[in-house]
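The sequence and structure are shown below.

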Amino acid sequence: MSTYRPFLLLSTRSEDEAAAEELESFANAMRVDQGDIEQHRLEQKDLGRVDLEEYSGVLLGGSPFNNLELRKSSLQLRVEREIGTLVAECIDRDFPVLGACYGIGAIGSVIGATLSDEHAEEAGPVTVSRAESDDAVLGTTPATFDTLVGHKEALSTLPDDPRVTVLVTGEACPTQMFRVGQNVYATQFHPELTAEGLEFRLRLYAHLGYTSLETFETQIARAYDYDYTANNQILANFAQRYRR
């Protein structure tokens, strides 16, 4: 039995196999046992009151939800409300968070960032660039590194807030990673993914339009040509820094 407090992973994927893959991907990239992550599937039950002192940190996974949807189900509205409330508390306390993909929109919404579909990216590999040379979670990741994306919306502007630091930028999507305060992180890319993980998700979510039918197989094949060592190292650094 682990002597460490678990990380809390908030998931919203309704398919059991997708939720299981997300947990496995986070655990592998963080280099921890799956038992060191407590996964709460928000699509199945309310979040309820979270005592942050019971956890090492909070992880926000990806989601089939999009913040810009005009017609939202009662489930999506509840999920957004519960995540927003918890993220606001974490920001107020500067409690460790890492929100990936959907998580960047959730954290961005709390701090007053704006979202649009202007910087959407087809699912697949991209190369991004560090904008900050000194950050503990980025660690020794190189000036440019490969990662995986797939999103229909992204941040278009960040608030003029001294707490916010842009950490990683991209060509098609300018804000790929930022930090709020010292301990709240958000990435547009997926630091938990490998090429195998991307292929699994693309085949599972083929009907949702994250990549076109014409480029589907090509994007999967391209993913295997990139090196995601530095990408996954970000989550390993996060786990090592905040595990307690």
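Cys173 is buried, with a relative accessible area of 0%; buried means under 20% relative accessible area, exposed over 50%, and partly exposed in between, for a 1.4 Å probe and protein chains only. The model is predicted, so local features need pLDDT of at least 70 and side-chain atom pairs count only at pLDDT 80 or more, while totals for chains, interfaces and linings use all residues. Residues are numbered from 1 along each chain as its sequence is written, and side-chain values use heavy atoms, with hydrogens and water left out.

**Cysteines**

A disulfide is taken as a pair of cysteine sulfur atoms within 2.5 Å, and by this rule the count is zero. Cys90 also counts as buried, at 1% relative accessibility. For both residues in the table, the closest cysteine sulfur is too far for a bond.

| Cysteine | Closest cysteine sulfur | Sulfur distance |
|---|---|---|
| Cys90 | Cys101 | 19 Å |
| Cys173 | Cys101 | 9.5 Å |

**The sheet**

Helices (H or I, at least four residues) and strands (E, at least two) are DSSP runs numbered from the N terminus, and two strands pair if DSSP finds at least two bridges between them. Nine strands form an open sheet with mixed pairing, in the order β2-β1-β3-β4-β11-β10-β9-β6-β7. The edges are held by β2 (37-41) and β7 (144-151); each has a single partner strand, so one side of each is left without a neighbour in the sheet. Direction ignored, neighbouring strands of this sheet are turned by 25° against each other on average; axes are lines fitted to C-alpha atoms, for helices over the stretch in contact, and angles run from 0 to 180 degrees between N-to-C directions.

Strand β6 (residues 121-130) pairs in the antiparallel sense with β9 (residues 164-169) over two bridges. Here Arg130 stands opposite Val168, and Ser129 stands opposite Thr169. With β7, strand β6 pairs in the antiparallel sense over seven bridges, and Val126 has Thr147 as its bridge partner. Seven of the 10 residues of β6 are buried, so this strand is largely enclosed by the rest of the structure.

**Helices and cores**

Helix α2 (residues 74-93) packs on the sheet, touching β1 (7-11), β3 (57-60), β4 (97-100), β10 (177-180) and β11 (184-187). The direction of α2 makes about 140° with that of β3.

A nonpolar core is a set of buried Ala, Val, Leu, Ile, Met, Phe, Trp, Tyr and Cys residues joined through side-chain atoms within 4.5 Å. The largest has 30 residues, and those with the most contacts inside it are Leu10, Val58, Ile83, Leu86, Ile107 and Phe178. At least two residues of this core come from each of β1, β3, α2, α3 (102-111), β10 and β11, and α2 gives the most, with six. Beyond its neighbours within four places in sequence, Ile83 is in contact (heavy atoms within 4.5 Å) with Leu10, Leu42, Leu60, Tyr102 and Ala106. Apart from this core lies another, of 29 residues, among them Ala27, Ile37, Val137 and Leu138.

Helix α6 (residues 229-242) is mostly covered, with 10 of its 14 residues buried, including Ile234, Leu235 and Phe238.

**A buried arginine**

Arg13 is found in the loop between β1 and α1 (16-30) and is buried, with a relative accessible area of 5%. Leaving aside neighbours within four places in sequence, the contacts of Arg13 include Glu22, Glu43, Arg41, Arg201 and Tyr205.
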